[in-house]
Amino acid sequence: MAGIAASDADVVALLMRQHGDIRNLFDEVERTSGDERRAAFRRLVRLLAVHETAEEEIVHPFTRSSVPGGAAVVEARLTEEREAKELLSRLDGMDTDDPKFLPELRALRAEVSAHARAEERYEFIHVRRHADKARLASMATAVRTAEKLAPTHPHPGTESAAKNLAVGPLAALMDRTRDAVRSALGKEG
Amino acid sequence: MGFNPLEHQGIPLDRQLRSWRELDVEPIDPDRSDPYTRCRIITMNGIEVEAVLFSHQFARHCPDPDVKRQLAEVRYIEQQQQKAVNWLLPGLASVLETTIAYEQVAVDLTGWIARHEPDPYLKQAYEFGVLEDFDHLFRYANLYEMIEHRKADAIVENLTEVMPGRPTKFHHRHPADNVREPYDRSTVNPLSRLHALTIMSAEQQTMNFYMNVGPQYMEPIARRLYQEIALIEEEHVTHYESLVDPGETWWEQLVNHEYNECYLYHSFMEQESDPKVKAIWELHLNMELEHLRIACDLMRRHDAREPQEILAPELPNVLTFEPNKAYVRELLDTQMDLTTLGTGYVRDAHERFTRMQEAVHGGEEPPSEQVMAQHREMFGHEYRIETEGEHPDLASRERS
C-alpha cells in the first residue's frame, strides 16, 4: 500500500514536510531570545539554504525539462526565491536581538510561506503528475542527501560553531549542498 | 438591557450593494491571528451559505413573482456577505489547515451550544455530536503532521484539546437512525431555534467543504480520510436538520434565519479581537437588521402573524467562542459508547448498527484507523494535545 509512510521515496512528500520544518523553525525563532534564538535562526538559515539549493538542483530542472510550460513555472518560482533570498541576506548579518530583527523576520516568513505554497500548488502538482515512481524516488534520495547538511534540531557541540557563520560560509554551504546533490544524482543516474 | 434587533434600523437595502473594491477584504494572518477569529469567520461563512441555499429553495417553492424578486435582491447581498466573510481566510493556509479549523469550530461551537441549550432532548443531540467532531479533529491533526510536518497546536493554540473522541469508525450508523425528533414550534424556547439553525448550518458547510476539497489531495490516505469523514458530515446534517420543526412556514423560517444572522453578527462583534474583522461583523449586523425587517414584513403579509410570536423579546446572551475543555472531558467520560437507535440513544451495538458497520467497513480497518497506523509507523506515537491531563476514558489513553 503506497501510504504516506512509504513516501520517503517521494520527493514531493519530502519537500512538503521540509516546508513544515521551515515554518516550525520560524516559530522557534519568534518564540525564543538570546542564544537560543541565535541558534534556532542558524538552523533556519541552514535549512532554507539547503532546501532552496536542493530544489534548484533537483526539482526545478525536472519541471523545466519534463512539464509542459515548465520553464515559465520555474521562472515564477525563481523570482519568489530571489525576493526571499534578498531578505534573508539582509537578516543574516543582523543581531537576532536587534529590535529590527523580528519585523524583518516576519517579512521573510511571509515571502517564504507564499513561495512554499506556490511551489506546492503550481509546481509540485505537475512533478507528481509527470515523474514516474522511480524518478520521484531518485529525486527524494538526492534531497535526503542534502538534508543531512541542515539539522532541524540542535545537535550538541555544533551550535556554538554554527553561531559564527556569516554570509560567506552560507554561500559555501550552498556550494556543498550543490556538490552533494550532484554526486547523489550522478550515482542514481 | 439586551439588544432587540426588531427595534433597530439597519442600512436600507438599496445602499447595501458593494463594489469590487469594497469586497476586496484583507485576509487574516495565517500564523498569528486569534484561532477564534478564524472560527468566527468559518461559522459566519456557514451561516451565509445556509442563508443563500435556503433562499434559493424558498424561491423554487414560491409562486409569487414579487416575492421571488424580493428574495433575489436580498440573496444577492447575502452572496456578497458570504464573499466578504469567507475571503477573510488566507490563501496561504493549506486545505488541511482550514479543515482543522473547521473541526475546532465544530467542537467549540457545538460544545458551547450544548452547555447553553435549555431543552434536554436537544442538548443530548449536541452532546452526542460534539464527541464525533472531537475525534475528527484528532484524526485530521495526525494526518496534518504526516503531510506537512506541522503540529495542529499551531492552529488551535491550546484552546481546544486534540485527543480521541468517540472513534470515527463507530460513527457510521444506519441512516434511518440519524433522524431525530423535532422540537415543537409552538412551545420551543426561541433560543433553541437559533441553536438548531446555527449548528445545522455549520455542519452543512463542513459537509459541502469536505465533499469538494477531499479529492484535491494526492496522498491516498488523505483522499480516503476525507471520504470517510465527509460521509459522517452527511449523518450530522441529517441529525441536526431533523431537530427543526418541519411545520414552520417558509415565512417563519425566513424570519428565523434573518434573526439568527443578527444574533450571531451581534455576538461576534461583541467579542472580536481583530479590529478589521470586527468592522465587518458590525457592517453585516447593520445589513441583517434590514433583511430581518423585510422578512418580518413578508411574514406579516403572507402568514398574517406577528414575528414577535416566534421571536425572543431580545437577543439571548452572546454566543461565545471559548474553550470547552472541562465540558468535553465530562462527555468523554460518560458518553463515549453511545450510538443511536430510532430517535433515541443506546449503549449497545444493536443489530441495524452492526449490519451497517459490517457493510461499510467490508472487513477492513477504515481510513480513520489507517491514518493512525501510518502516523504511528512514521513517528512512533500518536499526535495529541492533552493540556488538562490524561484522557478521561481509560481505553482511549495512548498505549506506549
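Residues are numbered from 1 along each chain as its sequence is written, and chains are lettered from A in the order in which they are written. In this predicted model, local features need pLDDT of at least 70, side-chain atom pairs count only at pLDDT 80 or more, and totals for chains, interfaces and linings use all residues.

**View 1. The contact between chain A and chain B.** Chain B brings 14 residues to the contact and chain A brings 16 residues, where two residues are in contact if their C-beta atoms, placed from the backbone, lie within 7 Å. On the side of chain B that touches chain A, α5 (120–148), α8 (220–241) and α13 (367–379) of chain B each supply at least two residues; helices are DSSP runs of H or I with at least four residues, numbered from the N terminus.

**View 2. The surroundings of B:Leu143.** Apart from neighbours within four places in sequence, B:Leu143 is in contact with B:Leu96, B:Ile221, B:Ala222, B:Leu225 and B:Val371.

**View 3. The buried side of α13(B).** Among the residues of α13(B), B:Pro367, B:Ser368, B:Val371, B:Met372, B:Gln374 and B:His375 are buried, that is, 20 or more other C-beta atoms lie within 10 Å of their own. They lie on the same side of α13(B) because they cover an arc of only 165 degrees around the axis, the arc being that of the directions from the helix axis to the C-beta atoms. The cover over these buried residues includes α5 and α8 of chain B.

**View 4. The end of α13(B).** B:Gly380 follows α13(B) and has a positive phi, near 80 degrees.

How values were computed:
A residue is buried if 20 or more other C-beta atoms lie within 10 Å of its own, exposed if 12 or fewer, and partly exposed in between; C-beta atoms are placed from the backbone.
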